[in-house]
Every structure is written in structure tokens, then in C-alpha cells.
Amino acid sequence: MNFLNLIKIAIKAIRSNRFRSFLSMLGIIIGVAAVIIMMAIGQGSKESVRQNISQMGTNIIMIQPGTDMMRGGVRPDPSSMQTLKLEDYNALLESDLQFVSHMSPEVTASGQCIYGANNTSTTVYGESVEYLDIRQLEVTDGEMFTNDDIKKSSKVCVIGKTVATQLFPDGSDPIGKTIRFKSIPFKVVGVLKSKGYNSFGMDQDNLLIAPYTTVMKRIQAQTYFSSINCSALTEEVTDYAIDELTAKLRALHKLKDFAEDDFTIRSQQEMMDTMSSTMDMITIILVVAAAFSLLVAGIGIMNIMLVSVTERTKEIGLRMSVGARGFDISCQFLIESIMISLTGGIIGVLVGYFASILCSTLFMLPTSIPLWAIVVSFIVCTVIGIGFGYFPARKAAMMDPIEAIRYE
Amino acid sequence: MEENRKVVIELQNVKRDFKVGSETVHALRGVSFKIYEGEFVTIMGTSGSGKSTLLNQLGCLDTPTSGEYYLDGTSVREMSKSQRARLRNRKIGFVFQNYNLLAKTTAVENVELPLMYNSSYNASQRREAAIKALEAVGLADRLEHKSNQMSGGQMQRVAIARALVNNPAVILADEATGNLDTRTSFEVLVLFQKLHAEGRTIIFVTHNPEIAQYSSRNIMLRDGKIREDVINNNILSAAEALANLPKPQDD
């Protein structure tokens, strides 16, 4: 008996029990759709996180004080958090670093910002002029403060869009106005182009950028930085830039060969990978949960196939009498179960596809269905069809034609 | 007996035992006979006489415990299940008491069924052979009728067409008129006699002694043994019997 005939017989059997076949398909449809939706959301979030991070610049390198935080400890020595000094920054600026293009030290302070009767709580970032290039920020209105402002520790700042709308709700031009941060007056010289929220739900426009010297001296009264941000020449040379910076800083801090770094250097790339692997983990957990529903669906198919085999005992007996071998009979039922699960799979992929589009339009969730997920779905469905169809098919094939044909 | 005719079926001391619990039931206790090409043999016996067991043997659905069975010259005893399936497919046509047609399936598709398991037929050859078989049983106008749209007599004729379609060495009928009323039974018998006249070999298992009168030979079984094996030299015509039946009142 050839394959095409078997498929015809299977289609006929499925169609003659439409409702029952649909019910057993439903399990597969729901299972596959769930897996597809979970993958779409997982993959979509991962991609949007990557996109967000790379928007900040994939070649960013962050130098932070203290040894690698990952290693923990009860509570780090406060002095270990003060290892990045102004002298380090100046020395790094003067040495000709081959792979580093921009550098900006960072001192931050959080607090209340006031203009007239309006106030907002925000963070001031003490940075150098190069910070704009590192973070790929743009000043749309007004201008960035200058190196001269840094030298003089001028009380000037550029503000983010959120701060602008909070302090100037009437839409008046903030440029040239003097706002107060922790009672210290700052003259607004520019407004940053809006970046919106990042994937962690943080408002990237709620900030003030001021010369680092100003923040160090006039707000924080400290001589060390909370970090130094750099950008590598290109994304590809990030690792060389890290090596270069490490060597330079170790020399500056006069660290012995066996001593651990008293600073930590991380690249955006590294962060992106960490984030991605976290997202992967979440995706895997979601998909595994959804995959269990496929297992249940498979058992459902087996159940229906067993009913179908018993119900068609007489037909099996007849087919055997007119010359069907056990193999032909088992193929017939296997193909039937494969067709049920595969059809369910196809419908499930379609349902999953449209549901994920719905998800992204209704709930603004970023979704993306990887092609391999669809291919894997079909393979899994076929495997389920064979796996759970095997036992019923075998039961059918093992029937004694004499008893089967007399079965009532 | 004319020994120059071709032997289609030969049984040599066939025995078949069944184990029922700790006891052994001897369903066939040594049955030997030959059936020649073109014979119309009725096998009769009461229930428990072993006629079903014998039918299963003849139909290659079962194998003897001892003894030899040759179907068209091939020994069946040593065959595997698959080999017997193939043998049934090529050499035997079954007609069952309750028709055993596939539900919701057209006459042509039902008749095609045995050829579905024969890879030497393609779809168009299969259909052609099925139509020819249906024409032979007088159902040329019912090709696309589904099994639930047909009367008992028509369904049995479809079943006979299905038994003919593979051009078998022997047609095995198991109480083929058992579910039919008298008139329809005779119609079916007429058909069997026609096939007999065309040279087909037919074995008709029944418990109805009347049918023996229309066959060419009658084998009587009792307690797993042959009690009587007689040639019928005075075959009655089923067509005449049909014509003499009282007409149905409401016609």
C-alpha cells in the first residue's frame, strides 16, 4: 500500500470524526500556540533589550571603583569605592590611549530640582563634554557646556526633556533660566533630545548633566568619581581598550603583579550578553512550561487514537482479511495521529503568530518569532504524532483478523 | 472424480486445537479434501461443528495445528502473518454475512479496497477494475452510492464485487445470505450461480441446508470431522426459484 493511499485514508478518517479530531487537535493547537507566543515574547524582549543597550552605544566601557562586585563580601571597605581619583582621569587623558576615543568621569547626585513653584526629583550627572559622544546624546535646544565651564566649575547644566516639562509646564523656553538643584543655582544652557524609557522602565530623560568639576566641588564635595565612562574606537576593539585601560590604571595605582585590580572595567557588550542570557533563561522557563501542555496534548491524542482503534476494530479486521498486513494497519493509524498533531501544529503556529501580533499591538510587548521555533514546532508535532500514535497503532496491528471482523 | 481438473484447495489431515484454560478443544480433528477449479461447494454444519474454524483455515486467517493446507499450490502452514496477508490479497475473495462495507464510503471505493494493498495497481487501474467488478454484479448504476444509501441486497452485491476485484483463486462466502430476506437471498444466490457458471471457484459456508441444492458439491461437517461429501448432480436454478417466489403484496 503506498503512502498517498494511507494519507487519503487518514484524511477520510479524520474528516468522518471531525469534532473528535478537532478536540484532540485543540490540545496541540493550544500547546504550540503557547510555545510560539512565549518564544515570541522572550525573543522580542531580548531583541529590544539588545537594541536599547546598543542605542546607548555598544562600544561603551565603564570603569568602576572597587574590585569585581560579583564576588560579594559582607560590606566593601568604603575606601575601596574611592579608588578612581581626579588624578587617574587626568593621567588617562594625557597618556595616548590607542583604542579609547572618548572619556568622561562621572559623579552623580540625586535630589530635588526647583524652578519657581515647580519641582521634580532627579539626578545630576557630573560629566565631561565628551559624555554626549559616549552616550550618543544630542542637545536639541541651546548648547552643551564647554571645557571652559569645566575648568571654571561653572554652575551650568543641560537638562533632559522630563526635567524641562516638569519645571516648565507652561512650555516656556528653559534656556538661560536658572534652576536650583539642592539649593545650588544652575543656569540651563541646553535641552537634550528625548530618549524615552529604556527596557528596564527607566526614564532616560529625567536627568541633569553638569560639568563634573561643579558636581564634585559644589554638590558632593568629593575628590573621587563614581565611575569613568569611555568609548572604544570601535565595537571590535573593545577588548583591547579594556586591556589598555586596565594596564594603565594598574600602573597609576602602583599595584603589584599579584594584587587584584582595585577597579572594575565592564563593557556594554558584556552587559548586553548578561542581559541576553537572563532573558534566554526566562524564555526557556516559559517555553518549558508551555511544552508541558504539548505533552498533555500528546496524551490526549493517544487517548483518542485508542478509542478510534477500538471503534474501528471491525474495519481493521476487514482490511486485514482483504490483505492488509500489520504494517499497513499500523502505518494507517500512525499517519492519522501524525496528521492530527501536525495539522494542530500548523493551526497552533498560525494562532501563536496572530496572538503575538495582538500582544505587541495591545500590550506594547515587543515580539519576534524566530523561524527555527516554527520549524521545531513542526518537528515536535511529528514526534508527538509518532510517539503517542505508536502504541495505538501497534495495538491495531496486533489484532487477530478473525476476532476483529466478528467484533460488534 | 475428474482428476485432470486443477486443484485449487487441498487439505491433508488438517487439525486445529484451541487451548481454553487448561483444556484443549479439538475444533478440527483431521479434515482432508480437495476442491477443484470451478466448483461451487457448500460447507454445512451446525454451530460447534468446526465450520468457522475450517473457514478461517481456508481463508488463511489461521494456520493448522497439524496437517497441510495448499492454496493454489502453495503451502500455508509455515507462512508468516504478512505472507498470509499477501496471499489473501491475491488469491482469496471474502464475502461476509454482514457485508462489512466501510461506512460513509462509495461502492467503488469499497470495491477498490483489496487493490489498495496491492502495489501493482495504480489509482486509475484500481478504479477501472472496481467498476468492472461492480458491473459484473449488476451495480453499474450505483458506483458512487455510499454504503448507507444502499439496501441489504445491494450492499451484499458490493461485497461480492469486492471479493471479485482481485480475480481470486477462490471466493469464500460466510453465511452470505444470512442477513437477507428470502427474495434477496435468492437474488444473491442467482449471482453466485452466475459466477459459478463463469468458471469461478466458490466455497459457501452456511447452516442453511436449502442452499446446498444450488451448489455443485456439499461437504457436511460434524464435531470437527467430515461426515458427508457429496457431488450434487441435480443443481437447482436459483433464478427459477426466484421467479416462482410469490410476488410481494405491496408491489
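In chain B of this predicted model, strand E4 and strand E5 (residues 74–75) run antiparallel to each other and are paired over 2 bridges. Within this pairing, Leu71(B) is placed opposite Thr74(B) of E5(B). The two strands make a hairpin in which 2 residues lie between them, and Asp72(B), in the turn, has a positive phi of about 50°. Strand E4(B) is also joined to strand E1 (residues 7–20) of chain B, in the antiparallel sense, by 5 bridges, and here Leu11(B) faces Tyr69(B) of E4(B).

Chain B also contains an open sheet of 6 strands, which follow one another in the order E6-E7-E8-E3-E9-E10 with mixed pairing. Strand E6 (92–95) and strand E10 (225–231) of chain B each have a single partner strand and stand at the edges, so one side of each is left without a neighbour in the sheet. On average, and with direction ignored, neighbouring strands of this sheet are turned by 15° against each other. The pairing of E6(B) with strand E7 (residues 170–174) of chain B is parallel and extends over 4 bridges, with Leu172(B) in E7(B) as the bridge partner of Phe94(B). Helix H5 (residues 152–164) of chain B packs on the sheet, where it touches E6 and E7 of chain B, and the direction of the helix makes about 170° with that of E6(B).

Helix H2 (residues 81–91) of chain B has as its buried residues Arg84(B), Ala85(B), Arg88(B), Asn89(B) and Lys91(B).

Between the two chains, 18 residues of chain A are in contact with 19 residues of chain B. On the side of chain A that touches chain B, two or more residues each are given by helix H1 (3–16), helix H10 (313–321), helix H11 (326–362) and helix H13 (401–405) of chain A. The helix that gives the most to this side is H10(A), with 5 residues. By residue type, the side of chain A that touches chain B consists of 8 nonpolar, 6 polar and 4 charged residues.

In soluble globular proteins, nonpolar side chains tend to be buried together. The largest nonpolar core of the model has 122 residues, and those with the most contacts inside this core are Ile36(A), Val111(B), Ala161(B) and Ile203(B). Helix H2 (residues 18–55) of chain A gives the most to the core, with 14 residues. For Val111(B), when neighbours within four places in sequence are left aside, the residues in contact are Ala130(B), Ala133(B), Leu134(B), Val158(B), Ala161(B), Arg162(B) and Val165(B). Another core, of 50 residues, lies apart from the largest one, and among its members are Tyr131(A), Ala164(A), Ile209(A) and Met216(A).

The domain assignment divides chain A into domain 1 (3–52 + 274–405) and domain 2 (84–261). The C-alpha centres of these two domains of chain A are 55 Å apart.

A further hairpin is found in chain A, where strand E6(A) and strand E7(A) have 2 residues between them and Lys182(A), in the turn, has a positive phi of about 50°. The pairing of E6(A) with strand E7 (residues 184–192) of chain A is antiparallel and extends over 4 bridges. E6(A) is also joined by 2 bridges to strand E2 (residues 100–115) of chain A, again in the antiparallel sense. Strand E6 (residues 178–181) of chain A has a covered face, made up of Ile179(A) and Phe181(A), and an uncovered face, made up of Thr178(A) and Arg180(A).

Arg180(A), which lies in strand E6 of chain A, takes part in both pairings of this strand: Arg180(A) is the bridge partner of Ile114(A), and its own bridge partner in E7(A) is Pro185(A). When residues up to four places away in sequence are not counted, Arg180(A) touches Cys113(A), Ile114(A) and Pro185(A). Arg180(A) and Ile63(A) are 117 residues apart along the chain, and their C-alpha atoms are separated by 30 Å.

Technical notes: Residues numbered from 1 in each chain as written. Chains lettered and ligands numbered in written order. Predicted model: local features only at pLDDT ≥ 70, side-chain atom pairs only at ≥ 80, totals over all residues. Domains from an automatic or database assignment. Pairing = 2+ DSSP bridges. Axes fitted to C-alpha atoms, helices over the stretch in contact; angles between N-to-C directions. Contact = placed C-beta atoms within 7 Å. Nonpolar A, V, L, I, M, F, W, Y, C, P; charged D, E, K, R; others polar. Buried ≥ 20, exposed ≤ 12 C-beta atoms within 10 Å, placed from the backbone. Core = buried A, V, L, I, M, F, W, Y, C linked by C-beta atoms within 7 Å.
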